[in-house]
Amino acid sequence: MKSKMYWVSKLIRRPELPKTVIDEVHTGGYCKNCGKELVQLPGNHRVKVYCSTKCRVAWWNAHKVSTKISRKEIVVCAYCKKEFEVYAKQDRKYCSQQCYVKDRFGK
């Protein structure tokens, strides 16, 4: 164990090693929100869609209606028969944790 730690610490202290290595920058695509050209770094397997967090949030706020997240359905609770809203494609039967416990365990 000591020999490995010595080797790692020796490697870290070597001045000739660069702190960050970027061989080349790949360009690919344009920002979905503002149209700015995107810069992809080598080794990053996730493809960029937005140029910044600000653009990502702005696009999602502008397109809430067209996404599945914003669509809600009205469902009736299996215990108290009260109507409540759920997001599309959720399999919720109860409006709350209390209704679930009362229906399942009779408490």
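Trp-59 has a relative accessibility of 14% and therefore counts as buried (buried means under 20% relative accessible area, exposed over 50%, partly exposed in between, with a 1.4 Å probe and protein chains only). The model is predicted: local features need pLDDT of at least 70, side-chain atom pairs count only at pLDDT 80 or more, and totals for chains, interfaces and linings use all residues. Residues are numbered from 1 along each chain as its sequence is written, and side-chain values use heavy atoms, leaving out hydrogens and water.

**Aromatic rings**

- The rings of Trp-59 and Trp-60 form an edge-to-face pair, because their centres are 5.2 Å apart and their planes stand at 90 degrees.
- Rings of Phe, Tyr and Trp (its six-membered ring) pair if their centres lie within 6.5 Å; planes under 30 degrees apart count as stacked, over 60 as edge-to-face and the rest as tilted.
- Trp-60 counts as partly exposed because its relative accessibility is 37%.
- The whole structure contains three aromatic pairs, among them a tilted one between Tyr-50 and Trp-59, with 6.1 Å from centre to centre and 45 degrees between the planes.
- Tyr-50 is buried, at 15% relative accessibility.
- Tyr-50, Trp-59 and Trp-60 are linked into a cluster by ring pairs.

**Charged groups**

- The charged end of Lys-32 sits over the ring of Trp-59, 4.3 Å from its centre (NZ of Lys or CZ of Arg within 6 Å of the ring centre and within 35 degrees of the ring normal).
- One salt bridge is found in the whole structure (a side-chain nitrogen of Lys or Arg within 4 Å of a carboxyl oxygen of Asp or Glu).
- Lys-72 forms a salt bridge with Glu-85, and their closest N and O atoms are 3.7 Å apart.
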